[in-house]
Amino acid sequence: MSVIIDKIKEKVKRVALVDPKETFESVTDIVSKPMEMKLPSWWLIGFTASISLLILLKVMIAYLFWEGVGIWGLNNPVGWGFAIVNFVFWVGIGHAGTLISAILFLFRQKWRTGINRFAEAMTIFAVICALIFPGIHVGRQWLAYWFFPLPNSMAMWPNFKSPLLWDVFAVSTYFTVSLMFWYVGLIPDLATVRDRATSKIKQKVYGIFALGWRGANRHWQHYEKAYLILAAIATPLVLSVHSIVSFDFAVSQLPGWHTTIFPPYFVAGAIFSGFAMVVTLMVIARQIFNLKSLVTLHHLENMNKIILVTGTMVGYAYGMEFFMAWYSGYEYESFAFINRATGPYAWAYWIMVSCNVISPQLFWFEKCRRSLVIMFIISIFVNIGMWFERFVITVTSLHRDFLPSSWDYYSPTWVDVLTFVGSFGLFFTFFLLFLRFLPMISISEVKGVMPQADPHHGKEH
Amino acid sequence: METVIIEFDNPAHLLEGAKAFTDAGYASTETYSPFPIHGMDDAMQLKPSKLGWIVLGGGAFGLSGGFLMQWWMSAVDYEIIISGKPFFSYPAFIPITFELMVLCSAFAAVFGMFALNKLPEHYHRLFKSNALRTATSHGFFLSVDVQDPNYDEKKVTDLLTKLNAKLVDRVED
């Protein structure tokens, strides 16, 4: 038996996760460089652009608070528009970060170390963007605290039987846990930055957040345990979050929403869109910051494989929805789906199908999986397609309901569009700050998977 | 209190060193490395972390607290008829119960880890050692307190020659 295993081991080529020429010290140098180099001009340009979009978002929100939700394109059958579409879009993007940091950790996928910090940061910023939309769409925003079981002047409590309230708990728990997970991962690296810092201010600020970490093994022992436990509880959490988001739709009685396939279909779609966003951002960042020896083509190829798998799952779900609509024999359900593909929103439906189902199929070819240009273009397509998926689910199911007399066509107003565009400003403002001020690759974890980190390295057993 | 700081050139040697010092009876042996080293807990004869029990407590609190909160608010304190559903609709309470269990477990894991590690600890006397600062980048160190009951300068020097390590710093209060 062991002879066979040895033979297999010989055949399976182990890919180096870190360029073999790197040492522990050079890894620290590579990751610290973006925080220590002179402020690059492209960063300032990007930051100015992001801040401008962020101001746009704030102006749109101020206008909304002043004027009310009438400035949005909502109409009578379509009472849910861009706000929910953008919410689900952003929350979905966040899921890749938790998948990489928690699920791949439990599965001992060592390649995650090169990308997990980056993806977790993306998760946190995406969830912040997501939380904006339900927060502002409630009409009377000053009463948004009614979301939470807080005492109020009516002595009433929230309705715990409502999926919308489950969502409040799911997404706020998700945000809190992701933030803590991210911060715990950052502590040893903040200490690294503190110990390298040459200016007093840097030493103080990084020192405060590093909490006095000094790499002692008695600390590492509890630290590793905490990390493992966080990964173990973040795994069911991330699956629950998008399941609960899908309950917002699936628990209602509307044809097109009321389906049992929604939870797994939403989770697959979330991971799909999140990985696409990681690829979009990572392709650029590794080029600019010269991280090629830590984030190799092997890492990107693995992510593209996940995009292929989840994209195919999403495609299967689209097909299965149609099959069930027909097989159920339920007239309204069948109509909802035929209307989706051929009705007034057919354009949105076919954008969704071509971006989400067709474009990732190119990743069957190794050439495409390893080409930076192709993967970048496909990842953009997937981002677009997944936004349209939420648009299709929300709007096409609502715009033609049971009574033909109440049918209507929904189009967003300029306020809808600019609010959505502005949310990218919020995302990229945070992201650029992160790239400049925090280690974007987990220094201690990358070192831990280098061959020389193994105490038995170079010895025969 | 005086502490000696010894540098090793790689994780494997640090592991051997930690084992040798612990076996020699220095209870104050501590190692410092830029990443956790596999097998170090055993080499230093550390007891398993108790963090799991703290998290279990946090999770149990979130689970029961979350469920009881929903029951009390919906079925005791202020009953409201919604879609004719029972006030105590326990299946509908599961998602929030689960989320609160996860939330409290995560708080217990993070703050429990801080408590066990006595973090934040912004001042520590070993921060006075400049040599030790590379432990967060590429250095592998071991420290022993001179006050350790078995401490003997000659024995330590012999151990160091045997382990091929060098004494790089002494930190006093």
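**View 1. The second largest pocket of the predicted model**. Its volume is about 560 Å³. A pocket is an open set of points on a 1 Å grid over the protein atoms alone, with protein on both sides within 12 Å along at least five of seven lines. Volume is the space filled by probe spheres set on the points, which are joined across faces, edges and corners. Of 23 lining residues (an atom within 4 Å of a point), P134(A), H137(A), F147(A), L164(A) and V168(A) are the closest to the centre. Two or more lining residues each come from α4 (82-106), α5 (116-136) and α6 (163-196) of chain A. α6(A) gives the most, six residues. The lining holds 16 nonpolar, five polar and two charged residues. Nonpolar means Ala, Val, Leu, Ile, Met, Phe, Trp, Tyr, Cys and Pro; charged means Asp, Glu, Lys and Arg; the others, Gly among them, are polar.

This is a predicted model: local features need pLDDT of at least 70, side-chain atom pairs count only at pLDDT 80 or more, and totals for chains, interfaces and linings use all residues. Residues are numbered from 1 along each chain as its sequence is written, chains are lettered from A and ligands numbered from 1 in the order in which they are written, and side-chain values use heavy atoms, without hydrogens and water.

**View 2. Helix α8 of chain A against helix α4 of chain B**. α8(A) (residues 217-250) and α4(B) (residues 90-117) pack at about 165 degrees, axes 9 Å apart. The two are therefore roughly antiparallel (angle over 145 degrees). Contacts (heavy atoms within 4.5 Å) involve residues including Y223(A), I229(A) and L237(A) of α8(A) and F98(B), V102(B) and M113(B) of α4(B). By class, the contact has 16 nonpolar, five polar and two charged residues.

**View 3. Helix α8 of chain A against helix α3 of chain B**. α8(A) and α3(B) (residues 51-77) pack at about 40 degrees, axes 10 Å apart. H222(A), K225(A), A226(A) and I229(A) meet L51(B), G52(B) and V55(B).

**View 4. The largest cavity**. A cavity is a set of points where a 1.4 Å probe fits but cannot get out. This one holds about 60 Å³. Among its lining residues are G97(A), E120(A), F181(A) and L237(A).

**View 5. The second largest cavity**. Its volume is about 40 Å³. Both chains line it, with W213(A), W220(A), P34(B) and T136(B) among the residues. α6(A) gives the largest share, three residues.

Technical notes
Helix = DSSP H or I, 4+ residues; strand = E, 2+ residues; numbered from the N terminus. Axes fitted to C-alpha atoms, helices over the stretch in contact; angles between N-to-C directions. Parallel < 35°, antiparallel > 145°, perpendicular 65-115°, else oblique.
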